[in-house]
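Here is a friendly walk through one protein model. Have a look at the sequence and the structure, then read on.

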Amino acid sequence: MSIWRSYPKDLKVLLIAMLVNSIGMAFLWPLHTIYMTQAMGKTLSEAGFVLMLHSAAEIVGSFLGGYLYDRIRGKRTLLLAVLSSACFIFIISMGLSWQIYIFMMILLGLGIGTIFPPIYALAGVVWKEGGRKSFNLIYLVLNFGVAVGTALGGVVAQFSFQYVFWVNGFTYLLFIFIVWFALEEPDRDFGQVRERKDSFMRPIKEARPPLQSFHSLMILCLGFMFCWITYIQWQTSISNYMHQLGFSLSAYSALWTINGLLILLGQPLIQWLMSRMKSPVKWQLLSGVFFFMATFALLSFSHSYGGFVMGMVIMTIGEILIFPAVPAIADRLAPLDRRGMYQGIVSGAANVGRTIGPLLGGLLYDEFGTLVLLYACIFICGFALICFGTFQRLQYSQKEVSTLKVNK
């Protein structure tokens with residue numbers, strides 16, 4: 001509790017709002033496919049096509065959210081994005097024809113994608129002295145909300161899918177209430193020179209970044225996209241693989257329970273350990289990718305349930321090392337007037353990976369089998385290694401790179 005009191009008020013508001021939003025979103029997103037196939041009578045391929053359009057709209061929304069943050073500030077962008085998402089959810093809950101449902105799902109993806117860039121941009125503004133801690137906390141809260149929301153969503157869906165939509169819409173309205181009345185966005189001109197003693201970036205005096213800074217961001221986000229292409233296989237191809245081996249749906253769901261518990265319990269410990277070791281941020285990213293590669297290598301020769309459990313444990317450690325670090329690095333690369341754009345690119349890269357991953361994984365799984373898919377994931381992770389190992393070279397000299405440390 002004393003730790004919670006030490007956080008800035010606006011960061012607490014963001015954390016509470018994102019917890020509410022994450023629970024509401026997790027109520028619905030695992031049930032989209034079931035709703036389309038069971039309640040609407042559509043095929044799995046038709047449902048997959050709609051979800052692909054939804055994900056593509058989230059990509060556009062990510063860039064839109066970053067653009068709006070830089071133009072009309074973060075609080076207004078959040079209120080606009082969440083209010084529109086709530087409207088789309090309540091419209092969907094009314095029961096629509098298939099064509100209108102597809103259109104509303106696209107608009108919903110656009111609204112949801114717009115939410116995250118201003119959240120991460122604000123996280124870097126409301127607690128500048130906290131360094132990477134604010135991003136770690138956002139990541140932790142999001143995963144806790146997913147764990148709670150998915151558990152409750154299945155219970156509510158047993159009564160009616162309409163109730164699931166209503167609960168999701170209600171959480172959006174609660175999010176709006178919290179942000180509107182409690183969030184006080186800092187002024188943009190909080191200093192023309194952004195100096196952080198705990199930062200791994202040198203002070204930025206220019207209103208716009210040098211071209212090398214933007215190139216560094218693009219290489220970083222390319223590696224982030226490769227990580228998401230492989231990570232998403234756990235939610236798509238690997239679930240089919242486990243079913244093929246005879247494991248039950250409950251056994252597969254238990255893996256995600258393990259994932260959530262490890263993030264909640266292990267993320268603070270791992271981040272504390274990385275801080276104590278004072279290792280360069282590049283090595284944190286590279287270590288995370290090696291954990292990803294080890295996961296797929298393990299699954300390539302282990303067909304037991306214990307192998308899948310160990311694979312999930314290893315993958316979660318890699319996730320903890322990579323996923324909160326990338327938006328934190330983008331915040332340090334961003335100039336004062338481009339925070340939204342940079343976070344939009346990060347969110348867009350993640351959404352591109354989530355969109356490409358299921359399609360690519362499905363093609364490899366159907367045409368060549370599981371073993372080729374797992375080896376391909378290791379190969380794709382190799383590209384992430386190259387990106388994470390080289391993105392800083394465009395921004396710093398070799399001497400400067402060696403001094404970059406993980407924030408305490």
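## A helix to start with

Why is helix H14 (residues 325-333) largely enclosed by the rest of the structure? Nine of the nine residues of H14 are buried, so the helix is largely enclosed. Buried means under 20% relative accessible area, exposed means over 50%, and partly exposed lies in between, with a 1.4 Å probe and protein chains only. The buried residues of H14 include Ala325, Pro327, Asp331 and Arg332.

Helices here are DSSP runs of H or I with at least four residues, strands are runs of E with at least two, and both are numbered from the N terminus.

## The model and its confidence

This is a predicted model, in which local features need pLDDT of at least 70 and side-chain atom pairs count only at pLDDT 80 or more, while totals for chains, interfaces and linings use all residues. Residues are numbered from 1 along each chain as its sequence is written, and side-chain values use heavy atoms, with hydrogens and water left out.

The average pLDDT of the protein is 83, and 88% of the residues score at least 70; pLDDT is the predictor's confidence in each residue, from 0 to 100. Across residues 189-209 the pLDDT stays under 50, and the model has 59 contacts for them beyond four places in sequence. Residues 397-408 also have a pLDDT below 50, with 32 contacts in the model beyond near neighbours in sequence. Contact means heavy atoms within 4.5 Å.

## Overall make-up

The protein has 17 helices and zero strands. Of its 408 residues, 55% count as buried. Among contacts between residues at least 6 apart in sequence, 84% join residues at least 24 apart.

## The nonpolar cores

The largest nonpolar core holds 63 residues, and Leu285, Val289 and Ile322 have the most contacts inside it. Such a core is a set of buried Ala, Val, Leu, Ile, Met, Phe, Trp, Tyr and Cys residues joined through side-chain atoms within 4.5 Å. Leaving aside neighbours within four places in sequence, Ile322 is in contact with residues including Phe224, Leu285, Val289 and Phe292. A second, separate core has 60 residues, among them Leu15, Tyr69, Val156 and Tyr172.

## Aromatic rings

There are 21 aromatic pairs in the structure. Rings of Phe, Tyr and Trp (its six-membered ring) pair if their centres lie within 6.5 Å; planes under 30 degrees apart count as stacked, over 60 as edge-to-face and the rest as tilted. The ring centres of Phe292 and Phe323 are 6.3 Å apart and their planes are at 80 degrees, so this pair is edge-to-face. Phe292 lies in helix H12 (residues 281-301) and Phe323 in the loop between helix H13 (305-322) and H14, 31 residues apart. Both Phe292 and Phe323 are buried. They also belong to one aromatic cluster with Phe224, Trp228, Tyr231 and Trp256.

Phe379 and Phe383 form an edge-to-face pair too, at 5.1 Å centre to centre with 85 degrees between the planes. These two are four residues apart in helix H16 (residues 370-390), so about one helical turn separates them. Phe379 counts as exposed because its relative accessibility is 57%, whereas Phe383 is partly exposed at 37%.

Arg73 has a phi near 80 degrees, a positive value in a residue other than glycine. Arg73 lies in the loop between helix H4 (44-72) and helix H5 (74-92).
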